[in-house]
Amino acid sequence: MAAEQPHRLKRTLSLPLLVFYGVGVTVGAGIFALIGEILLVAGDAAPMAFLLAGLIAGATALSYALLVRVLPKAGGDAVFVARGLGPGFGRLAGLGVVAIGIISSAVIALAFAGYAGTLVALPQPVLVTLIVTALAGIACWGVRESVLFAAGVTILEVGTLIVIIAAGLPLLANLPSPVELTGLGHGWAGLAPVVTGAVIAFFAFVGFEDIENMVEETVDPTRTAPRAILWTLAVTLVLYGLLALVAVAAPQRGLIAASPAPLAVLFEQTTGVGRAPVAAMAAVAMINGVLVQILMSARTLFGMAHEGLLPAWFGKVDAWRRTPVRATLFVAALILVLAVAFPLVTLAEATSFVVL
């Protein structure tokens, strides 16, 4: 491979690392809360709701996999839209993606500070500043180091889900009939809860598309990135499907659906162990969520700058670390300002508005 130019990002991500990154983005704190809502809405057909959501996400994943082969650029969505509809729309799409990453990171940082505040006697602004500064430092240090850190957290998250699934396998003997699991037990009307559940479950699959923003730091990106996107979706779908089957077969699934921490209740029912491990893992998932959003947002700004959609200042690469330090620090600074200046609910509403 030719020597890398000093103004270019360092290509160091392999297929396994990129899949770990994608799974870490996708299997985040959301599934720790969403499983209860889907169980409440879809009932016996909760696994079918996840399957339908996965199929819908699959169409999107295939689109991204095809686009990233043609346009392996860090700007991702902004580049795709700019080439298809023009720079004005591309700039709007890119800034929207960055805004979602920054605002949602502020929401997660506040949520983590609220949890950590019950364990450590420090003011919320101090906790937010500490966690965002530490994660920005990791992101600036290097993409390989950042993704390895995220991969470690991903292993813990996925490991927790696997423990629940493994402990719940004996319960699968108590599953409802296949007709009930598909939602057809009550005729076509039974599909309405499945569709409603799928709409909720879709958000648990969001995240795999962030892989596209890492392509300029990926080895052989036109081959590696599409495979990573599809592998990420496949792994996620299998995990969610098995988890939903265990939840449906759980002896007291009403408690799971009614709990604000449903996965913790499911963990307790299947393993006989207290809820503390899952509560701790949810907090760890929050940390991972902020890190990957910092990485994604900074790469989007970097890619947009190289496409002429933003000032060239955002496209500078640190000569030593070979990371977009300016864009990373800019993103981290905005996250801090928002987290300190606005309440969590306001930021959550803003995130939803920008997404829509």
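The model is predicted: local features need pLDDT of at least 70, side-chain atom pairs count only at pLDDT 80 or more, and totals for chains, interfaces and linings use all residues. Residues are numbered from 1 along each chain as its sequence is written, and side-chain values use heavy atoms, with hydrogens and water left out. The chain's secondary structure amounts to 15 helices and one strand. With a radius of gyration of 21 Å, close to the 21 Å from the globule rule for 356 residues, the chain is as compact as a globular protein of that length.

**Terms for the whole chain**

- Helices (H or I, at least four residues) and strands (E, at least two) are DSSP runs, numbered from the N terminus.
- The radius of gyration is taken over C-alpha atoms, and the globule rule is 2.2 Å times the number of residues to the power 0.38.

**Size, packing and surface**

- Taken along the principal axes, the box filled by the C-alpha atoms of the chain is roughly 60 × 50 × 35 Å.
- Of the 356 residues, 51% count as buried; buried means under 20% relative accessible area, exposed over 50%, and partly exposed in between (1.4 Å probe, protein chains only).
- Among contacts (heavy atoms within 4.5 Å) between residues at least 6 apart in sequence, 79% join residues at least 24 apart.

**Charge**

- There are 17 positive and 17 negative side chains in the chain, and the centres of the two sets lie 12 Å apart.
- Lys and Arg count as positive and Asp and Glu as negative, while His and the chain ends are not counted; the place of a charge is NZ of Lys, CZ of Arg, CG of Asp or CD of Glu.

**Asn213, in a loop**

- Asn213 sits in the loop between α9 (191–202) and α10 (221–249), and its relative accessible area of 2% makes it buried.
- A polar atom of the Asn213 side chain is 2.9 Å from the backbone oxygen of Ala74.
- Leaving aside residues up to four places away in sequence, Asn213 touches Ala74, Gly75, Gly76, Met296, Arg299 and Thr300.

- Val158 belongs to helix α7 (residues 143–168) and is buried, at a relative accessible area of 14%.
- Not counting residues up to four places away in sequence, Val158 touches Val23 and Leu239.
- Leu242 is part of helix α10 and counts as partly exposed, at 34% relative accessibility.
- Leu242 and Ala166 are 76 residues apart along the chain, and 9.4 Å separates their C-alpha atoms.

- Most residues other than glycine have a negative phi.
- Asp220 is not a glycine, yet has a positive phi of about 50°.
- Asp220 lies in the loop between α9 and α10 and counts as partly exposed, with 39% relative accessibility.
- Arg322, also not a glycine, has a positive phi of about 60°.
- Arg322 is found in the loop between α13 (276–306) and α14 (325–341), where a relative accessible area of 16% makes Arg322 buried.

Notes:
A polar contact is a pair of N or O atoms within 3.5 Å; within protein, one must be able to donate a hydrogen and the other to accept it, and residues adjacent in sequence count only if both atoms are side-chain atoms.
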